[in-house]
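These are my notebook entries on a set of chains.

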Amino acid sequence: MRTSSLLVYLIALPLFSSAFLLLLGRIADKWGHILATLITASTFVIGAYEFMKMQGQAGESRAVTQKLFEWISVGSLKVNASLLLDQLSICFVLLITGVGTLIHIYSIAYMSHDKDRRRFFAFLNLFIAAMLLLVLGDSYLNLYIGWEGVGLASYLLIGFWNHNPTYAVASKKAFVANRVGDVGLSLAIMICFAQFGTVSFEGVKAGAHGASSAAIAGIGAMLLLAACGKSAQFPLQSWLGDAMAGPTPVSALIHAATMVTAGVYLISRSNFIFDASSTARLLVVIVGAITLLFGAIIGTAKDDIKKALAASTMSQIGYMILATGLGPVGYAFAILHLLTHGFFKAGMFLGAGSVMHGMDDEVNMRKYGGLAKLMPITAVTFGLGYLAILGVPPFAGFYSKDKIIEVAFNAGGLKGILLGGAALLGAAITAFYMTRVMVMTFIGARRWKAGSHPHESPILMTLPMILLAFGSVASGFLLSNGSALVHWLEPVVNSQNVEEGKPLMPALVVSLLALGVVVIGAAFAIIKYRTVSDVAPENVSEFTKAARKDLYQDILNDRLLVAPGTLLTAGLVRADDRVIDGGVRFVGSFLGATSDALRKVQNGFVRSYALLMLAGLVITVIAVWVIGA
Amino acid sequence: MDISNYLYLSVILFTIGATGVLVRRNAIVIFMCIELMLNAANLALVTFSRVAGNLEGQVASFFTMVVAACEVVVGLAIIVTIYRSRRSASVDDASLLKS
Amino acid sequence: MNILSVVTLFPFLGVLALALMPKTNTYQIKIVALGTSVVTMVLSFVLAIQYKSPASGFAFVTSHAWVSSFHINYALGIDGLALVLILLTTVLVPIVVLGGWNESEGGRWSVKTFYMLILVLETFMIGVFAATDVFLFYVIFEAMLVPVYFLIGGFGTGERAAAALKFLLYSLFGGLLMLAAVIGIYIISAQQVIGSFDVSALSHLSIDHTTQNWLFLGFFIAFAIKAPLWPFHTWLPGAAKAATPGTSILLLGVLDKVGTYGMIRFCLTLFPDATKTFAPYIIVLSVISVIYGAFLAIGQKNINSLIAFTSISHFGFITLGIFAYTSQGLTGATLYMVNHGFSTAALFLVGGWMVSRRKSAAIEDFGGLQRVTPIMAWMFFIAGLSALALPGLSSFVSEFLVLLGTFTRYPVAAIIGTLGIVLAALYVLILVQRSLHGPLKSGNESMSDLNLREKIAIAPVIAALVILGFYPKPAIHVINPSTTSTMSQMNVSDPHVLAGK
């Protein structure tokens, strides 16, 4: 395996830049954002350089490693701080650094009025460092460091304006939901060590063949739990909507393109585990299918543009997770969709931020309308992203989404029909709610509140949007042409030896079906939202009410977890005081009571003392007499 | 020789003395009973000295007499002082050391 | 004189120096105390540099006869376990002196008394880790209670007298049980070989199971009260609420480690069979400690008792690692002791500064500190992150090693213990959110940020948390041999890695 000395800079540069900007404080306010953006751009350059070098190698020897130092060595557990850059991680590295740089540039303008802009950029750099560590770690434990690091960065960024108590609560919710997933990752690592004696990807891959099916299924289930936490999949999905409290660039970078896709990375990286356990794969596809529908449904009722896009992200990641559970061929398509989604979703979030910027930070789409003429660049780039997510050919989403629907149908039997059907239904609903967003925001009557003067955003904001729009247009074609991505990833996910089963229906039929449901969904939305009221209507169907309340996810969480937890805590506090400490205090009070009772012997009467003396003497004499005898 | 009579006498004297200590209230009477108990012990000591044929018991009885004398001196002084401040020689009245 | 004796007794020289000084010039007194503790720290670094893992037994051994008729010696010696704990002590005391510069004022007695008590306590703390004679250990173990009692009762706040008394009596009760066991083991050694209190000699005795169990319990309950382990924990929250922050740091950061140190040094090494018998029950108690401590931390309204309950939860992890008796578990537990010392020091230091500025320890009196005192808020946040074992900070390495080591022998306990990380996130983030985030609460407007002295005090602690997180290798390197030796004395090895069905 080749070694490189550059990999560490991918992580070290943004990490030190982050610490530097935080420690320097106000001094760095004038130039902190420039430094942060340059650092991120430099990581992109390093990533691109490594990519070039990789292209020049043959498939098997494309991976590069770098060992930094020995980290933990206790007994048979030996974990080094080492990095691994292979075909899978380079996709992520380029996505993270590329989209990251664009979002840094965007943020220079978006956050220009915020006096804490330097701190924002420090946190963004921290995020970049942690996310890169996540995808570059060569063992589950190294991945875990990055995994929690992005959780921390996400917490800091969601709660960036934490003087607002709602935002502070949202960031806490995100962190705790992530932590539940982290329990899964910890347990997976422990099972790996107990089974294989190692936690490195190589080691686990080597041992996966011979392990017991229960252990492999357990590892798979735990990894899935971790992915659910980080990628906001059912049942740990409730934090993503609230996470929109953070500034929009955060939503674009973290909660669209990168952090939330970490779960997909984890499952793809652990392909040797999932390929060895059909139980684990079944769980994965169930979670993916449920989430893609869940996200789509709640997206239909969201009036907050960011929350609508968040629901959409949840749903699209559901597609990716679904794909990863469909066997070796699925991984490449999941990654394909991940990359295209990174472009169009980040682009749409930046577009939403641009709209908010022009509309005085208003997020309610009912207060938008007719913005296309006044914000043309935003409207066009957003529109291209919209076409991509719908899956209209020849835009990016067409290539990635259709492939997933196809592979779902080809999974065979009832499972295939159910999954494929769910994916198709999801595509229809996606078309519906995304069209709704487009119509409510850019087209139709102007429902603005008084005093709004929408305007196009400055060049620093529109340039990244334009570049991402190029991605929305072209990335699908470029990556699928000649199955480029599939072949690129083959050495990592071992998809080359898979037997191609007989497909359920030809690819063309799938594409036509998909296009058909998309057109129906879009048309339905256009008809329904010809006119939009500027206040959310009260008398709507139960279905809509449920979707507005996120299908009651928060109420359920509250009833199942928060309320019992609070009761339990209060009960334990009382029990600790009354029962356990009560026991301790009882010893003290018992001794006190006993001594109080005994004290009464000292009654001050000499004669009773004399009687006691006599009694004691008599007893002693009898005792001596008895014992002596 | 048969010492049992002397020992019975000693026990009887001791018991009378002990009962007197427990029953009587006047401090001076209690002291006299204590003297009775001490002399009962003396009698026993002398008796055993006679039986053993050495003088150790009699020497011990001298010790007892000296101890009795000292005790009476100190005790009577205390009783007189208490009587002077409290006008009562009853031991039941002097119960302030209760807890 | 042996350098170990020098390190142990040097703070006592400081006590003597302070005794000779007049009590009026408090600044001079503080400087002398600070100087003594810094010199002790430097000496301990010299000790650490010269330390090489001994092939067996201890390094820097010294022994003088004390009560020769009972073969009691003043015997010192260290291995990796003792060394890291001694370093923790000598590093924390100067930080306590510097960070709590003003906490000795306004107590029942003079500032001079306060610092004399602190330095006496430091001598005892180093001595208890260095003692290789069981009786010497016992004497110092009990003697340590006295300065702490006076520190809490004389210089604390609130219900200080009651808290100090409860702490003293509870610990003495444990000590009484331990005394019985100490005498017991001496008698057994006298019956078998020759009466001795030397820990190396005692580990070679062969004791029958029933006696071993009783002796084990005698030692264990005393250490469980000290640690503290559920359900013997109720003395701690009151003591933490009443004590000054510096005292709390020494109490939770070092003194409680004596309990877990004793579990490894005495319970595991001297009574291996009893350890294996009782381990499943102790594992249950440890897991309860972890979860219970976390739940109660969430429910606390006082910042000091909240930190105390988080310590109870963390100590649950430490005993979990010890009684899993695997190499990852033991090394993880030892490393946890060091990391927790720094983590708790950071929490109590910053918490103490917050409390002294706001003149209240109730959490609801704080709010929005991020706006007013950003540096203090950041330090508190980082301390909180170390309490929830964020990877990248030192506590993650130790917590993970403990859980991993436990999983190989008691998987169910490890699974339940891992759930503790969610609860840890809750208790830290709820505290952070209430005190640092949100709008600025009235009463907090005029809080001043950290001054230079406070920044100098907290910097090494934060540095230790970060550096040991990325590069724990030196510590692990020192601890591993003592773990190996403990396991070989117990005659156990790591559970076999299950390589396939």
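**Conventions.** I worked on a predicted model, in which local features need pLDDT of at least 70, side-chain atom pairs count only at pLDDT 80 or more, and totals for chains, interfaces and linings use all residues. Residues are numbered from 1 along each chain as its sequence is written, chains are lettered from A and ligands numbered from 1 in the order in which they are written, and side-chain values use heavy atoms, with hydrogens and water left out.

**Chains in contact.** I took contact to mean heavy atoms within 4.5 Å. Which pair of chains shares the most contacts? Of the 2 pairs in contact, it is chains A and C. Chain B and chain C do not touch, and I found their nearest C-alpha atoms 24 Å apart.

**Interface of A and C.** I listed 54 residues of chain A in contact with 62 residues of chain C. The size of an interface is often given as the accessible area lost when the parts come together. Buried area here is the accessible area (1.4 Å probe) that two parts lose on being put together, summed over both. For chains A and C this comes to about 5,000 Å², with 72% of it on carbon and sulfur atoms. On the side of chain A, the residues that lose the most area to chain C are A:Val74, A:Arg179 and A:Met190, together 13% of what that side buries.

I then searched for salt bridges, each defined as a side-chain nitrogen of Lys or Arg within 4 Å of a carboxyl oxygen of Asp or Glu. Between chain A and chain C the count is 1 salt bridge. A:Asp581 pairs there with C:Lys166, and their closest N and O atoms are 2.7 Å apart.

**Interface of A and B.** Here 10 residues of chain A are in contact with 12 residues of chain B. The two chains bury about 990 Å² between them, 61% of it on carbon and sulfur atoms. The rule finds 1 salt bridge across this interface. I identified the partners as A:Arg607 and B:Asp92, at 2.7 Å from N to O.

**Helix pair H9 and H11 of chain C.** Helices (H or I, at least four residues) and strands (E, at least two) are DSSP runs, numbered from the N terminus. Axes are lines fitted to C-alpha atoms, for helices over the stretch in contact, and angles run from 0 to 180 degrees between N-to-C directions. I found H9(C) (residues 209-226) packed on H11(C) (residues 245-270) at an angle of about 160°, with axes 7 Å apart. That angle makes H9(C) roughly antiparallel to H11(C), since the label applies over 145 degrees, whereas under 35 counts as roughly parallel, 65 to 115 as roughly perpendicular and the rest as oblique. Among the residues in the contact, C:Phe216, C:Phe219, C:Phe220 and C:Phe223 belong to H9(C), and C:Gly259, C:Gly262 and C:Phe266 belong to H11(C). By class, the contact has 10 nonpolar, 2 polar and 2 charged residues. For these classes, Ala, Val, Leu, Ile, Met, Phe, Trp, Tyr, Cys and Pro count as nonpolar, Asp, Glu, Lys and Arg as charged, and the others, Gly among them, as polar.

**Helix pair H2 and H4 of chain C.** The axes of H2(C) (residues 26-50) and H4(C) (residues 111-130) come within 9 Å and cross at roughly 10°. H2(C) is therefore roughly parallel to H4(C). The contact includes C:Ile29, C:Ala33 and C:Thr40 of H2(C) and C:Tyr115, C:Leu119 and C:Ile126 of H4(C). I recorded 6 nonpolar, 4 polar and 3 charged residues in this contact.

**Salt bridges overall.** How many salt bridges does the rule give over all chains? The count comes to 22. I noted A:Arg26 with A:Asp116, at 3.2 Å from N to O. This pair links distant parts of the chain, 90 residues apart: A:Arg26 is in the loop between H1 (7-24) and H2 (32-55) of chain A, and A:Asp116 in the loop between H3 (87-110) and H4 (117-136).

**Backbone details.** A cis peptide bond joins A:Pro393 and A:Pro394, with omega about -5°. A:Pro394 is in the loop between H16 (376-390) and H17 (396-409) of chain A. Another cis peptide bond joins C:Trp230 and C:Pro231, with omega about 5°. I placed C:Pro231 in the loop between H9 and H10 (235-242) of chain C. A:Ala232 has phi near 55°, a positive value in a residue other than glycine.
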